[in-house]
Amino acid sequence: MDLLEAIINRRSIHEYKNEQIDRKVLKQIFSKACWAPNHRMKEPWSIKLYQGDGKMDYAKKVIDSYDREGFFNNYDHQKSNKMKEGIRQFLLNIPHHALVYMERDPDQRKYEEDYAAVCAYIQNVQLLAWEAGIGVLWTTSPYLHDNEFVRDIGLDSSDYKLVSVLQMGYPLRIPNPKKRTPIENKMQIIDSGETKKADA
């Protein structure tokens with residue numbers, strides 16, 4: 001698979017086969033992704049990978065976070081328990097949850113550089129995974145901003161930022177592509193003091 005093919009054909013995957021990815025394959029993907037551009041070679045990304053029985057603890061922490069945030073407040077006890085069980089089963093049915101996080105730099109400019117680098121790393125993970133026949137969904141779920149959730153997974157929110165959770169597995173279904181906006185609607189060319197749209 002060449003680069004252009006991977007970029008164009010990659011899809012966000014929402015449904016996965018009930019099959020774990022070999023640990024060596026996962027390690028290779030996360031290792032090769034490190035060639036993402038990053039300032040001062042900080043390589044600011046870190047990963048907590050939940051799989052197997054580890055997903056049960058992860059799912060509990062997620063549901064606890066939703067509970068604290070009041071997601072179930074408008075429902076009676078029976079309905080809220082049913083919703084919680086639905087979320088738990090949904091999370092357990094995903095083979096792997098890769099929680100990507102970074103250390104917070106007190107310098108705002110360096111912090112933004114690190115965040116951009118982590119996002120580039122995540123895109124590398126997605127493309128490498130797709131090349132290996134593995135689907136990924138890049139999520140920014142509400143619990144990533146819950147300081148207690150951060151603490152529950154063993155981190156201090158004052159020191160670390162949770163960037164994303166990557167849901168990973170072999171695709172059960174691949175969605176159809178969605179239309180992209182022509183670059184002419186997004187790009188301006190500034191030449192010789194004149195501003196004009198990109199040529200068609």
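Reply: Start with the ring pairs: rings of Phe, Tyr and Trp (its six-membered ring) pair if their centres lie within 6.5 Å, and planes under 30 degrees apart count as stacked, over 60 as edge-to-face and the rest as tilted. A search of the whole structure on that basis finds 8 aromatic pairs. This is a predicted model, in which local features need pLDDT of at least 70 and side-chain atom pairs count only at pLDDT 80 or more, while totals for chains, interfaces and linings use all residues. Residues are numbered from 1 along each chain as its sequence is written, and side-chain values use heavy atoms, with hydrogens and water left out.

Me: Why are tryptophan 45 and tyrosine 121 called buried?

Reply: Buried means under 20% relative accessible area, exposed over 50%, and partly exposed in between (1.4 Å probe, protein chains only). Tryptophan 45 has 10% relative accessibility, so it counts as buried. Tyrosine 121 has 1%, so the label holds there too.

Me: Why is the pair of tyrosine 58 and tyrosine 143 called edge-to-face?

Reply: The ring centres of tyrosine 58 and tyrosine 143 lie 6.3 Å apart, and the planes stand at 80 degrees, so the pair is edge-to-face. Tyrosine 58 is in helix H3 (residues 54–68) and tyrosine 143 in the loop between strand E3 (135–139) and helix H6 (147–152), 85 residues apart. Both tyrosine 58 and tyrosine 143 are buried. Ring pairs also link Tyr50, Tyr58, Tyr66, Phe71, Tyr143 and Phe149 into a cluster.

Me: Which residues touch the most other members of the largest nonpolar core, and what makes a set of residues a core?

Reply: A nonpolar core is a set of buried Ala, Val, Leu, Ile, Met, Phe, Trp, Tyr and Cys residues joined through side-chain atoms within 4.5 Å. The largest one has 22 residues, of which Phe30, Trp45, Val118, Tyr121, Val125, Leu166 and Met168 touch the most other members. H2, strand E2 (96–103), H5 and E4 each give two or more residues to this core. H5 contributes the most, with 7 residues. A second, separate core of 18 residues includes Tyr50, Tyr58, Tyr66 and Leu99.

Me: How do you know how many disulfides there are?

Reply: A disulfide is a pair of cysteine sulfur atoms within 2.5 Å, and by this rule the count is 0. Cysteine 34 is in no disulfide, and the nearest cysteine sulfur, that of cysteine 119, is 17 Å away. Cysteine 34 is partly exposed because its relative accessibility is 26%. Cysteine 119 has a relative accessible area of 17%, so it is buried.

Me: Why is lysine 186 called exposed, and where is it found?

Reply: Lysine 186 has 65% relative accessibility, so it counts as exposed. It is found in the loop between strand E4 (160–169) and strand E5 (188–191).

Me: Why do arginine 40 and methionine 41 get their accessibility labels?

Reply: Arginine 40 is at 45% relative accessibility, so it counts as partly exposed. Methionine 41 is at 59%, so it counts as exposed. Arginine 40 lies in the loop between helix H2 (23–32) and strand E1 (45–51). Its phi is near 55 degrees, a positive value in a residue other than glycine. Methionine 41 is found in the loop between H2 and E1, and its phi, near 50 degrees, is likewise positive in a residue other than glycine.

Me: How many helices and strands does the protein chain have?

Reply: The secondary structure of the protein chain comes to 6 helices and 6 strands. Buried residues make up 39% of its 200 residues.

Conventions
Helices (H or I, at least four residues) and strands (E, at least two) are DSSP runs, numbered from the N terminus.
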